[in-house]
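Colleague: Please put the model up. I have a few questions about it.

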Amino acid sequence: MPEPPKQPRIGVDEWVASAAERRARTVAGRVADVVEQTPAAVKLVAFALPFAVFPLLVESDYLMQVGIDTLIFVLLALGLNVAVGWVGLLDLGFVAFFGLGAYLYAALASEYAGRDWEAQFAIPAIAVAVAVTGFLVGLPSRRLVGDYLAIVTLFFLQMWLVVVINASFTRGPNGISEILPLEFFGRSVTSLDGYFYVALIAFVAIFGVLYLINQSRTGRAWRALREDELAAELMTMPVNRLKLMAFAVGAGVAGVTGAIFAPVQGAVFPANFDLVLLITVYAMVVLGGAGSLVGVTVGAVLINASLEALRDPSDASWLFYGVMIVTLVVMLRPRWLSPVVLGGTVVFGLAAHELAERWRPSLLGGTSFGEARIDELVDSWVLLPENLVTPDGLPTGAMGRLAYIGLIAAILGLTLVRSRLWRMIGLVPVLYLAAFVWENLLLAQPAVARFVLIGAMLVALMAARPQGLFGKQRVEIA
Amino acid sequence: MDWDKIVQLLVNGVTLGSVYALVALGFSMVYGILKLLNLAHGDVLMVGAFIGWGILGWLGGAQDPSVAVWLLLVLMVLAAMAGCGVLGVAIERFAYRPLRRAPRIAPLISALGVSFFIQNTVLLLYGANFRSYDTFDLVDVEVGIHRGPLNIWVIRLVVIAAALVMMVALWLLVTRTKLGKAMRATAFDREAAAMMGIDVDRVIVKTFFIGSALAGAAGVLVGLVFGQINHFMGFNYGLKGFTAAVVGGIGSIPGAMFGGLFIGIADAFSVGYIEDFTRGRLGSAFSDLVVFAILVLFMLLRPQGIFGKPEVKKV
């Protein structure tokens with residue numbers, strides 16, 4: 001290959017042999033090692049315990065709702081991890097299975113459908129039905145290389161949305177709203193706390209089942225075929241059947257999650273199961289570390305918590321500046337570099353502010369969108385031009401758009417700069433520009449900004465640390 | 001038989017099909033060389049549509065263009081091609097190249113991220129409202145061919161002709177030039193091509209530029225014919241383009257052209273007739289079901305597509 005060898009000499013034996021040593025040198029690697037050596041039961045308890053006491057500590061309904069949502073996201077991430085993390089298949093129809101589970105629950109237990117199945121029958125029936133659907137969807141691509149599965153499943157998602165939005169029996173975009181609460185052996189779950197514990201029990205059960213599957217013959221076969229499909233086939237593993245199985249198991253988990261989600265929300269709408277949700281769940285799996293049960297659980301909790309924080313401009317600011325500073329401190333070596341860069345950025349901002357005050361006061365006339373104390377500090381530092389955006393947060397002229405596109409170009413360009421000195425010098429204005437774009441554009445539309453950030457995070461993560469926080473680094477031997 | 005309707009649907013289908021073919025070409029070229037599903041390809045088309053719209057507005061808008069109409073159209077297409085070409089190269093450089101040796105799924109997830117990022121960036125900068133090209137103000141709807149059942153608006157002719165010209169140019173590029181030879185060699189066996197002295201990275205960059213430029217042009221053509229654009233339009237065209245590429249035979253250029261036309265015509269006719277055939281039970285929104293059925297049938301019966309060769313696994 002003409003590519004010059006990048007820093008790790010991949011494929012060289014000594015490099016492979018010293019993989020464990022290198023892992024032990026980084027904090028994340030050491031954490032991952034500890035996690036790996038802990039027995040699964042301990043991990044499960046470690047996760048379940050804080051969740052179990054959560055309702056006792058929390059009073060507000062809003063936080064309870066966030067807790068339930070988090071558990072639902074964790075379940076989704078666990079389900080997606082089967083196909084994506086263990087087998088390495090790109091399943092783009094995953095949220096359709098989640099939606100199918102929710103709509104099936106609506107069909108089995110709602111006033112609209114006129115049925116009131118009890119949950120102990122409905123949930124297993126839905127799990128089986130959705131798993132079978134997953135199997136059928138995967139079937140056409142069984143003779144083909146893995147990539148075609150992505151197209152079929154993406155199209156399946158589109159089909160799902162077309163049917164749910166347009167069919168009369170699903171009542172289109174209005175959704176089905178008279179869904180009955182979960183009812184176990186004659187007792188209905190009525191409180192948020194109750195639903196929280198139902199979701200928690202589902203989490204413990206599914207985590208346990210998936211752990212056992214992963215330890216079993218099937219689990220090993222899955223991982224083998226992810227590493228090398230051809231070799232696995234030559235070892236007489238039924239590759240196609242294994243893929244379909246993984247696909248169906250993932251779909252089944254999604255179906256169960258849907259069956260819990262529908263009564264929690266009390267209604268189902270097509271908009272609950274779109275591409276945005278799909279990418280969010282992917283981000284959870286990838287951030288935590290595809291293939292690691294602990295990883296995807298942590299990933300789901302982290303991402304859902306961040307998404308919630310990003311809803312509110314003040315919390316969002318704390319999160320944004322916090323993450324930025326922590327990233328700088330962790331990434332920059334030697335250690336004295338990060339205070340220098342941060343100091344430089346502050347000075348740069350103050351200078352820009354001073355210049356603007358003298359020559360172009362209109363650059364300071366705007367107001368910040370956040371209300372936290374941090375925003376008052378930022379007001380005297382970042383340029384806030386008048387009328388850069390409309391009250392809805394859309395850029396009014398070319399300046400806002402240019403600043404945004406310029407920021408992306410500058411960040412990408414910075415990664416190409418070879419000289420370390422120039423990269424550090426360039427980092428200062430880029431950081432300032434990032435703060436400018438954040439205060440003026442992103443904070444104006446937090447709902448969109450969080451998805452921009454998720455997309456950027458996915459790309460950056462795949463390039464910088466594809467194994468995520470807890471995943472195992474793959475050692476490829478070319 | 002209602003001939004007027006059939007002819008009209010055929011015209012619609014060919015117009016739509018030439019757009020799908022352009023998308024399928026870029027998609028298929030990249031797949032041929034990198035074995036990578038470029039899931040962000042549809043979003044590149046969307047950016048092209050917005051660039052064309054921006055140029056239109058900058059040159060006075062559809063009501064009162066400051067240059068001749070033909071020049072305006074040419075400028076819109078060229079600007080979108082240039083912009084999208086650069087975008088495609090940037091995507092390759094920053095999202096795919098670092099993952100050249102990673103497991104197969106890594107660049108696909110990265111592509112998902114790129115797609116999501118581009119969509120939400122446009123949403124952030126331009127909002128969720130549909131933007132209109134107002135092509136009817138630019139060129140009167142009566143201008144065109146009117147003979148018997150045949151009614152073709154001149155813009156449709158322009159779109160079909162433009163797509164045809166680009167496809168022929170691409171065909172000549174791939175079969176007659178040195179770059180085309182290098183592209184074919186790289187697609188056939190990347191390592192062997194590198195050993196023969198082909199700068200594989202440059203070939204990949206150029207492939208991305210050409211493929212994305214075609215998608216950009218397709219975006220402007222979509223805007224011209226159908227008028228409305230928004231940040232999410234790329235999803236539909238990307239999906240149909242992928243389907244066209246699979247049906248035609250992924251990696252094959254005539255396959256992508258033929259597959260595009262086939263899917264376009266199938267799409268148009270299912271929109272036109274699905275209501276009649278299901279006696280009103282399924283509305284035209286369900287026409288995608290037909291295209292999906294075609295995709296599934298092809299995967300079951302002829303997975304290599306019409307023009308493709310059966311895949312041989314190489315170790």
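Colleague: Which residue in the turn of the hairpin formed by S2(B) and S3(B) has a positive phi?

Modeller: First, a caution: this is a predicted model, where local features need pLDDT of at least 70, side-chain atom pairs count only at pLDDT 80 or more, and totals for chains, interfaces and linings use all residues. Residues are numbered from 1 along each chain as its sequence is written, while chains are lettered from A and ligands numbered from 1 in the order in which they are written. Two residues lie between S2(B) and S3(B) in the hairpin. The turn residue with a phi of about 55° is Gly148(B).

Colleague: How many bridges join strand S2 of chain B to strand S3 of chain B?

Modeller: Strands pair if DSSP finds at least two bridges between them. S2 covers residues 144–147 of chain B, S3 covers residues 150–153, and they run antiparallel. Gly144(B) stands opposite Trp153(B). The number of bridges is four.

Colleague: How many helices and strands are there in chain A?

Modeller: Both are DSSP runs, numbered from the N terminus: helices are H or I with at least four residues, strands are E with at least two. For chain A, that gives 20 helices and four strands.
One of the helices is H2, residues 19–25, where Glu21(A) is found.
The totals asked for: 20 helices and four strands.

Colleague: Is Glu21(A) buried or exposed?

Modeller: A residue is buried if 20 or more other C-beta atoms, placed from the backbone, lie within 10 Å of its own, exposed if 12 or fewer, and partly exposed in between. Glu21(A) has 9 C-beta neighbours inside 10 Å, so it counts as exposed.

Colleague: What radius of gyration does chain A have?

Modeller: The radius is taken over C-alpha atoms, and the globule rule is 2.2 Å times the number of residues to the power 0.38. With 478 residues, a compact globule would come out near 23 Å, which agrees with the value for chain A: 25 Å.

Colleague: What separates the centres of domain 1 and domain 2 of chain A?

Modeller: The bounds come from an automatic or database domain assignment. Domain 1 is 40–310 and domain 2 is 316–444. Taken over C-alpha atoms, the centres are separated by 39 Å.

Colleague: How many nonpolar residues does the side of chain A that touches chain B have?

Modeller: Contact needs C-beta atoms, placed from the backbone, within 7 Å. By that rule, 49 residues of chain A are in contact with 49 residues of chain B. Ala, Val, Leu, Ile, Met, Phe, Trp, Tyr, Cys and Pro count as nonpolar, Asp, Glu, Lys and Arg as charged, and the others, Gly among them, as polar. The side of chain A has seven polar and five charged residues, and its nonpolar residues number 37.

Methods
Contact = placed C-beta atoms within 7 Å.
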